[in-house]
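The sequence and the structure come first.

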4 protein chains.
Amino acid sequence: MFQVRTDLALEAREKFEEDNVEIKGVRLDEEQATPDIHISSVVIETENGAKAMGKPKGNYVTLEAPNMIEEDDGYHREISLQLSKVLKRLLPKGSDFTTLVVGLGNRAVTPDSLGPRVVDNLCVTRHIIQEFGRYVIGDSCHKSVSSIVPGVMAQTGMESMEIVRGITKETGPDVIIAVDALAARSTKRLNRTIQITDTGINPGSGVGNHRHALNSESIGIPVIAIGIPTVVDAATIVIDTMSSLLDAMSQAEQLRRISSSYEQLDLMEKYELVRELLSPQLNTMYVTTKDVDDAVKRLSFTVSEGINIALQEEEKEQ
Amino acid sequence: MFQVRTDLALEAREKFEEDNVEIKGVRLDEEQATPDIHISSVVIETENGAKAMGKPKGNYVTLEAPNMIEEDDGYHREISLQLSKVLKRLLPKGSDFTTLVVGLGNRAVTPDSLGPRVVDNLCVTRHIIQEFGRYVIGDSCHKSVSSIVPGVMAQTGMESMEIVRGITKETGPDVIIAVDALAARSTKRLNRTIQITDTGINPGSGVGNHRHALNSESIGIPVIAIGIPTVVDAATIVIDTMSSLLDAMSQAEQLRRISSSYEQLDLMEKYELVRELLSPQLNTMYVTTKDVDDAVKRLSFTVSEGINIALQEEEKEQ
Amino acid sequence: MFQVRTDLALEAREKFEEDNVEIKGVRLDEEQATPDIHISSVVIETENGAKAMGKPKGNYVTLEAPNMIEEDDGYHREISLQLSKVLKRLLPKGSDFTTLVVGLGNRAVTPDSLGPRVVDNLCVTRHIIQEFGRYVIGDSCHKSVSSIVPGVMAQTGMESMEIVRGITKETGPDVIIAVDALAARSTKRLNRTIQITDTGINPGSGVGNHRHALNSESIGIPVIAIGIPTVVDAATIVIDTMSSLLDAMSQAEQLRRISSSYEQLDLMEKYELVRELLSPQLNTMYVTTKDVDDAVKRLSFTVSEGINIALQEEEKEQ
Amino acid sequence: MFQVRTDLALEAREKFEEDNVEIKGVRLDEEQATPDIHISSVVIETENGAKAMGKPKGNYVTLEAPNMIEEDDGYHREISLQLSKVLKRLLPKGSDFTTLVVGLGNRAVTPDSLGPRVVDNLCVTRHIIQEFGRYVIGDSCHKSVSSIVPGVMAQTGMESMEIVRGITKETGPDVIIAVDALAARSTKRLNRTIQITDTGINPGSGVGNHRHALNSESIGIPVIAIGIPTVVDAATIVIDTMSSLLDAMSQAEQLRRISSSYEQLDLMEKYELVRELLSPQLNTMYVTTKDVDDAVKRLSFTVSEGINIALQEEEKEQ
């Protein structure tokens, strides 16, 4: 079946809502964390749920803040704080675990540069702790943090997964936080949604469409993924507008005849129709916003601050 | 009327061909310059032609080379050579004119970074000639070349036109070459077409949608524009696919009933329909290719070499 | 006479202090603004003072903060605040003047990239105010701000002064703030000193050694310059160490004989000696710190925040 | 003993020449490859030679070309060709080995960005060969090439060696080519010398002063290092000028008395003297040329072309 692509579990879940289908094994919780920040939690509990959603079992937390891309002197510290709280729930307990942060994506392509840019602003401590011990940094709770920007396969000739697995075996972190730009289904979510999941990065996800999983199975340690949708697949845009067309058809007086006969096609036939029409070139294209440079610059600060707080300021926060 | 946007005169011309409409005042010449390079020349000769085409009177030369984005050690010197020949036809005669090259667009947004990147690789000589005279450089025909990357309005608070006009009045070049990334109508032209025109840059063109003209009227000296399409407007993609849908409808057995009634709408009604359906957000979005970083990097070398040859190697070439 | 180069008026003044020379027409005031921030004010009041100091008449305020380059979540907002206070003293009075901020220097050379990077983080408003009026932004006192990164002569073929003068005539700002990386005499001042002056940028100053002045005389409107030393001339390093050598010589038992005879040379002879020994290549070299990338990144935030506060938050601050 | 730092074996060798000392176990061959390119070969054959030179046993080939930094349309293909010939001598024989190219250094610090920039222009093939087989690329002899830019410890918290060793174990290349910016002793060698060695990268070398070796011992496979000096240690500049001072002293009539008594100090005493005088800050500083951005940009093309030719065009070249 033709699958409209989304990396957001929340959007995958919504599709079923639209169709009034209930999915067994998938739980949804919602919370208004602050007046401006909405947090949704999708838990895929069973293999059946995973199959229905097209995503692996695990926790998917989504942080929505409509004003996330607006200018703000403090780079939206309130969002960083909420992000750090979600992260702490998914990170190992205790204060002595070591973390490798992986900035996935292509620095040279603006909407795909989120991961590398987050790493640029990270507070990295592993080398200092290795040389001077953990109490030299000044606070009582500093954790060892290292980071890597593996680059993309067209540049390195290697899968990100291979690079991260090699470095993980060599340097032995306890947990990985992988940051990546995502593809959303709806243009309305671009640049204003953060998804945090303990299922890692899975094939086909991200702007660059990873071919191999980066998760606890492939790497051998827990992998928490943080993603922000910065693009929509070109195909998605077309399908969405066509749906609107057909909706409109069924309402407009003059178009009723058309749509009624179109409606006689079943879902399968509609998807087949669209798939045939989509130019094969569209598969190598994406849609992004004109101000994506500004958005990615701001968001990368918000995310790196969230990670910094989660890993370095535990005592102060609690 | 809803206008599908294209910065390419060639595409504007093709639209009429499709409709079998002849346009008075518009002349088209074609030439196969080399086995791999096709050159088309659209000349808009009258105000009527300009109105029909939605573009000002003047010369529009298009260089098409399907292999333009493929890897090549010499950065496609054969294309640079053809580009330099077209440029020389439009540039002032003689060897003593001075040129200001303007790299339009936003360096931080990959598909819009063509102009700034072309300027990076340019052979700039004005300051050397001003200090040491024109015969010091070693060759007999070196022309004075200066360059500027004005940035985009969101960064500078000024129109590119204002910046270029101010610098032109102050430094007195004889001609401007403005380089910009363009929007095409068809994804098939992305990254493999160069348009050279003596009409400058006009409102609404370029990836960044200039609001003020950069042409001989606004600046006071001739402005030659070099553009390569690197994006397609998101709206264009949708309209194209819907056209395919309707074409298919009229052929597919099962869909004939729908399309026949749709066909009863006239062109105006179809456009109105589509315009209403297009999300307002789509206006701030564009579609680009996933390998746009590589494409822009390569193309910027090809274009800057073309300009360098046109301005610095005249005697050798002829 | 051989002149050891410094762009800091404070250092030029100190040279005389060392020699116990009093300079007529030069006034020095000091103030401890906060426990961590020291502010010195050098006022060159007469042409004689200007000649002695090797700098034009005017105000030179120096902000010294030893911890300026240390990591800080808020990018040292306390320093930005002090900077904004100094700026407001030098800027025109009232709330309706318009400002052009000029980011001088070469973005591709790390220690010279301060100016372009400051402009990246600036709050630019001119285009919004021109389109929607000044009261649309939300606050009651927003001033029109535009910005330009002119690039360096090797890239543009033009003097920064020519570019700025052309843009100034075209767009009519009331005042210019020019930001540039400076050369200090002492390595101890690198990355921890901000100089603000109403004398603009003068020939020979900056990392890139400007050849033409950017001041009220050349541009026609007041030019306030903000500079941070990020390099030391290579020659300076050598001369400093040799001075230390000679000092040590006069103390060490074993060396007394050498130094005493060296001391018989007068200052002129010493300088001549050093000048002859300095490789001509040294003139094209500079000394910088290994962490200059981090320092420039942080400092550019501090400076742009200072400018943003000075130009946009007047009412709130007072 | 105070060691003036150089990463170039040729310079280490020259020091002994100056002192007319012959070193056992070190062999020097010279060759004028083309009128403009001089190739020197230093072979350290014994442990004694290694000790004397302060460098491990192995081959050090130096390619000197005075015009290397001058502008050239073809990015000095003649130098790339000579570099590829030297590389082929040190690379494994046969056409079926796999290579990992490592771009060492800090992309954000201009003179240290050589390694990352070389990797940007590399022809990477491993992923294509893994997916489609080695004969799909079009030529008969394409070798598998992968690449990585590990970043610097301040960014990653990890030693480059750890990252490279992990990736090597995971992806199994047969040989590593590591590219790095070096520190020279003489400013005259900056940007115009390429050193190729089969001893890898060793502690204290490179602009960033690596702390761990990246060689066949630490990584487990042969490591060929390509380096170009882009900086001189600040201390070196001072010592060199002081040597010139003392030379001049012994010649100048007026200074003879000083230098003769200085000469009575032995070498040890002189070094001690200088070491004491050198500011501790100087250890964190380096000297570089003002046009280092242009130099590194050009040189990175020359080096990546040399690697591309050595790894991809074997049959054609011979």
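In α3(D), Arg77(D), Ile79(D), Ser80(D), Leu81(D), Leu83(D), Ser84(D), Leu87(D) and Lys88(D) are in contact with α12(D). On the α12(D) side, the partners are Thr302(D), Val303(D), Glu305(D), Gly306(D), Ile307(D), Ile309(D) and Ala310(D). By class, this contact has eight nonpolar, four polar and three charged residues. The model is predicted.

Helix α3 covers residues 77-90 of chain D, and helix α12 covers residues 292-312 of chain D. Their axes come within 8 Å and cross at roughly 50°.

Helix α7 (residues 160-171) of chain A packs against helix α7 (residues 160-171) of chain D. The angle is about 120°, and the axes lie 7 Å apart. α7(A) and α7(D) are therefore oblique to each other. α7(A) passes α7(D) in a right-handed crossing. From α7(A), the contact uses Glu162(A), Ile163(A), Arg165(A), Gly166(A), Ile167(A), Lys169(A), Glu170(A) and Thr171(A). From α7(D), it uses Glu162(D), Ile163(D), Arg165(D), Gly166(D), Ile167(D), Lys169(D), Glu170(D) and Thr171(D). These residues divide into four nonpolar, four polar and eight charged.

| α3(D) and α12(D) | roughly 50° | within 8 Å | eight nonpolar, four polar, three charged |

Now to chains B and C. What rotation superposes chain C on chain B? A rotation of 180° does, with 0.0 Å of shift along its axis and an RMSD of 0.0 Å. That is the relation of a two-fold axis. Of the residues of chain C, Gly166(C) comes closest to the rotation axis, at 2.1 Å (C-alpha). The same surface serves both copies, as 100% of the contact residues of chain C recur in chain B.

How many residues does each chain bring to the contact? Chain C gives 25 residues and chain B gives 25 residues. Interface size is often given as the accessible area lost when the parts come together. Chain C and chain B bury about 2,000 Å² between them. Of that area, 51% is on carbon and sulfur atoms. In chain C, His127(C), Met158(C) and Glu170(C) lose the most area to chain B. Together they account for 27% of what that side buries.

Note on methods: Residues are numbered from 1 along each chain as its sequence is written. Chains are lettered from A and ligands numbered from 1 in the order in which they are written. This is a predicted model: local features need pLDDT of at least 70, side-chain atom pairs count only at pLDDT 80 or more; totals for chains, interfaces and linings use all residues. Side-chain values use heavy atoms; hydrogens and water are left out. Axes are lines fitted to C-alpha atoms, for helices over the stretch in contact, and angles run from 0 to 180 degrees between N-to-C directions. Helices (H or I, at least four residues) and strands (E, at least two) are DSSP runs, numbered from the N terminus. Angles under 35 degrees count as roughly parallel, over 145 as roughly antiparallel, 65 to 115 as roughly perpendicular and the rest as oblique. A crossing is left-handed if the near helix is turned anticlockwise from the far one by less than a right angle, and right-handed if clockwise. Contact means heavy atoms within 4.5 Å. Ala, Val, Leu, Ile, Met, Phe, Trp, Tyr, Cys and Pro count as nonpolar, Asp, Glu, Lys and Arg as charged, and the others, Gly among them, as polar. Copies are superposed by least squares on the C-alpha atoms of residues with pLDDT of at least 70 in both. Buried area is the accessible area (1.4 Å probe) that two parts lose on being put together, summed over both.
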